[in-house]
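The reader is asked to view the sequence and the model first.

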Amino acid sequence: MTRNPVNLIRLFGNAALVLVVSAAMAAALLHRQDVWTGWPWLIGAVALGYAALSVWAHLRYPRAAEAAWDEQNAVAHQASLAFGYWAVMAVFLGLFGLVLAGLTDPAAAFFLIAPVLAIAPSLHFLWSVLRGRAE
Amino acid sequence: MTGVRLVVALRAHRSAAGLTQADLADAVGVSRKTINTIENGIFVPSTILALRLARHLGVSVHELFALLD
């Protein structure tokens with residue numbers, strides 16, 4: 001595993017974001033109306049904490065940040081953003097069809113598209129790390 | 001570009017220079033994983049990175065990378 005602090009924060013930040021959003025989605029599906037109202041705050045705290053740690057690491061370790069954003073990692077990052085875009089487009093079209101067919105409530109569709117928007121790029125980047133195409 | 005294969009001799013030149021992947025990565029400002037994937041032919045570096053690698057190892061780019069038709 002990498003010892004680059006910027007890479008480590010990016011890896012664990014993305015993983016934490018995927019975990020907390022997945023947990024929130026699972027809780028929402030299991031508990032329906034009684035879902036804990038603190039989930040959005042928890043997700044926001046994780047995301048903001050990740051962002052703050054990332055900014056701190058970039059300022060504290062500039063050489064490590066340069067290596068963390070080398071061309072291979074930049075390619076993996078761009079691919080993750082492209083994947084996120086197409087994932088959201090696909091889910092949006094699917095949910096749009098369900099709403100038009102009267103099978104899903106528009107509010108529920110809006111609720112369901114948010115986690116895809118939030119974690120699809122992170123999931124793709126983690127997959128790149130697992131495949132050895134990023135760090 | 002089908003039918004063209006890139007031959008990478010980076011590992012041989014790095015070893016000859018007595019450098020680890022981490023040493024070389026640190027010297028040219030990339031991650032160790034990037035050096036690893038270049039050596040294994042998974043990632044093709046930019047011209048700028050290829051020139052940096054060649055300069056640091058004291059060889060020409062042609063000695064590091066070649067096309068096998």
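Is A:Arg63 buried or exposed? With a relative accessible area of 52%, A:Arg63 is exposed; the classes are buried under 20%, exposed over 50% and partly exposed in between, for a 1.4 Å probe and protein chains only.

## Basis of the report

The model is predicted: local features need pLDDT of at least 70, side-chain atom pairs count only at pLDDT 80 or more, and totals for chains, interfaces and linings use all residues. Residues are numbered from 1 along each chain as its sequence is written, chains are lettered from A and ligands numbered from 1 in the order in which they are written, and side-chain values use heavy atoms, with hydrogens and water left out.

## A salt bridge between the chains

A salt bridge is a side-chain nitrogen of Lys or Arg within 4 Å of a carboxyl oxygen of Asp or Glu. Over all chains, three salt bridges are counted. One of them joins B:Asp26 to A:Arg63, with 3.1 Å between the closest N and O atoms. This pair crosses between chains: B:Asp26 lies in helix H2 (residues 21-28) of chain B and A:Arg63 in helix H3 (residues 62-68) of chain A. Helices are DSSP runs (H or I, at least four residues) numbered from the N terminus.

## A network within chain B

B:Arg11, B:Arg14 and B:Glu39 are linked in a network of salt bridges. The side chain of B:Glu39 meets that of B:Arg11 at 3.3 Å, N to O. These two residues are 28 residues apart, B:Glu39 in helix H3 (residues 32-39) and B:Arg11 in helix H1 (residues 10-16) of chain B. B:Glu39 is buried, at 8% relative accessibility, and B:Arg11 is partly exposed, at 37% relative accessible area.

B:Glu39 also forms a salt bridge with B:Arg14, where the closest N and O atoms are 2.4 Å apart. Here the partners are 25 residues apart, again linking H3 and H1 of chain B. B:Arg14 counts as buried, with a relative accessibility of 8%.

## The interface of chains A and B

Twelve residues of chain A are in contact (heavy atoms within 4.5 Å) with 13 residues of chain B. The area buried between the chains is about 1000 Å², and carbon and sulfur atoms give 46% of it; buried area is the accessible area (1.4 Å probe) that two parts lose on being put together, summed over both. In chain A, the residues that lose the most area to chain B are A:Glu71, A:Gln72 and A:Glu135, together 47% of what that side buries.
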